[in-house]
Amino acid sequence: MAQFVTPPILLTGMSGGGLSTAAKVLEDKGYFVAHNLPPVLIVELLELCAQDDSPVDKVAVVTDVRSRMFPGSLLETFDQLRERDMQPTVLFMDARDDVLIRRFDSVRRTHPLQGEDTLKVGIRRERDAIASVRAGADIILDTTNLSVHDLRRAIEASFGPLGSQKQHVTVESFGFKHGSPRDADLVVDVRFLPNPYWVQELRPYRGTDAPVADYVLSQPSAEEFINRFMSMLDSMLAGYHHEGKNFITVGVGCTGGHHRSVAVAEEIAHRLREAGKVDVSVLHRDFERD
């Protein structure tokens, strides 16, 4: 059997977590996307797509709570695919309960597991049902604070280099006043650095602009911190690799997500790219927020 050049993607997660948007992004990137297949049919589809004469070289399967009403489990499906040497990349979409409730209310939909109970009960049932799937996911995207455009950028950042055998590190800047990213594997706080916001001539700029980046990175404490952090991260990446974790998200936070975290995130990404051991992407979550 032929093998995929790009690993197949299994797209799953919470209802209202952004599955439809993620599927559209993957379609735009040239993936053949199959929606709501029962777990027992996922293996058959991927085997068909992996044949030498298949017209499909990139495939993604969306499976939500409705699909899981059929016999079989996603965890069993993952095992069957790995036994066939078709290592899928599992992307799990999530969001806070209050955000999921707001999204369902805005489109006037009921939750698939709600029944005669409240929307909150339906969401809790779904969380319980798929907790093990979330725990085994390669990538968890928390869409709580992401706009549709932010979500598109996050997915494109995660799946751009999928053909590579390297680990992939996403360095994500954010502002603590908007909440820390729940999908980050590691979060660092750079609010100890002097804040360019209080320098009148720097306030209009962002951390990607040279005046702010120079101001932040020229601080002796910034240089010392980044040097120590890169050393720690290097050893952590080796440990992640040993454990089979190939997608890592590093969150870098400051107050608003405009200046310090952006500059430091860019510098961390730059050093990772120079080292050449991993694929790197950068996401500035709160860059355009007030």
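The structure is a predicted model.

The crossing of helix 8 over helix 9 is right-handed. On the side of helix 8, the contact is formed by Glu 223, Phe 225, Ile 226, Asn 227, Phe 229, Met 230, Leu 233 and Leu 237. Helix 9 contributes Val 264, Glu 267, Ile 268, Arg 271 and Leu 272. Sorted by class, the residues of this contact are nine nonpolar, one polar and three charged.

Helix 9 also meets helix 7, which comprises residues 210-217. The axes of helix 7 and helix 9 come within 9 Å and cross at roughly 80°. Angles of 65 to 115 degrees count as roughly perpendicular, and this description therefore applies to helix 7 and helix 9. Here Ala 213, Val 216 and Leu 217 of helix 7 are in contact with Arg 260, Ala 263, Val 264 and Glu 267 of helix 9. This contact has five nonpolar and two charged residues, and no polar ones.

Attention now turns to single residues. Asp 142 belongs to strand 5, which covers residues 139-142. A residue counts as buried when its relative accessible area is under 20%; Asp 142 has a value of 9% and is therefore buried. Its side chain makes a polar contact with the side chain of Thr 144, at 2.7 Å. When residues up to four places away in sequence are left out, Asp 142 touches Asp 94, Ala 95, Arg 96, Arg 182 and Asp 183.

The second residue, Gln 114, is found in a loop. This loop lies between helix 4, residues 97-107, and helix 5, residues 119-135. Is Gln 114 buried or exposed? With a relative accessible area of 13%, Gln 114 falls under the 20% limit and is therefore buried. Leaving out residues up to four places away in sequence, Gln 114 touches Leu 119, Gly 122 and Arg 125.

Key:
Residues are numbered from 1 along each chain as its sequence is written. This is a predicted model: local features need pLDDT of at least 70, side-chain atom pairs count only at pLDDT 80 or more; totals for chains, interfaces and linings use all residues. Side-chain values use heavy atoms; hydrogens and water are left out. A crossing is left-handed if the near helix is turned anticlockwise from the far one by less than a right angle, and right-handed if clockwise. Helices (H or I, at least four residues) and strands (E, at least two) are DSSP runs, numbered from the N terminus. Contact means heavy atoms within 4.5 Å. Ala, Val, Leu, Ile, Met, Phe, Trp, Tyr, Cys and Pro count as nonpolar, Asp, Glu, Lys and Arg as charged, and the others, Gly among them, as polar. Buried means under 20% relative accessible area, exposed over 50%, partly exposed in between (1.4 Å probe, protein chains only). A polar contact is a pair of N or O atoms within 3.5 Å; within protein, one must be able to donate a hydrogen and the other to accept it, and residues adjacent in sequence count only if both atoms are side-chain atoms. Axes are lines fitted to C-alpha atoms, for helices over the stretch in contact, and angles run from 0 to 180 degrees between N-to-C directions. Angles under 35 degrees count as roughly parallel, over 145 as roughly antiparallel, 65 to 115 as roughly perpendicular and the rest as oblique.
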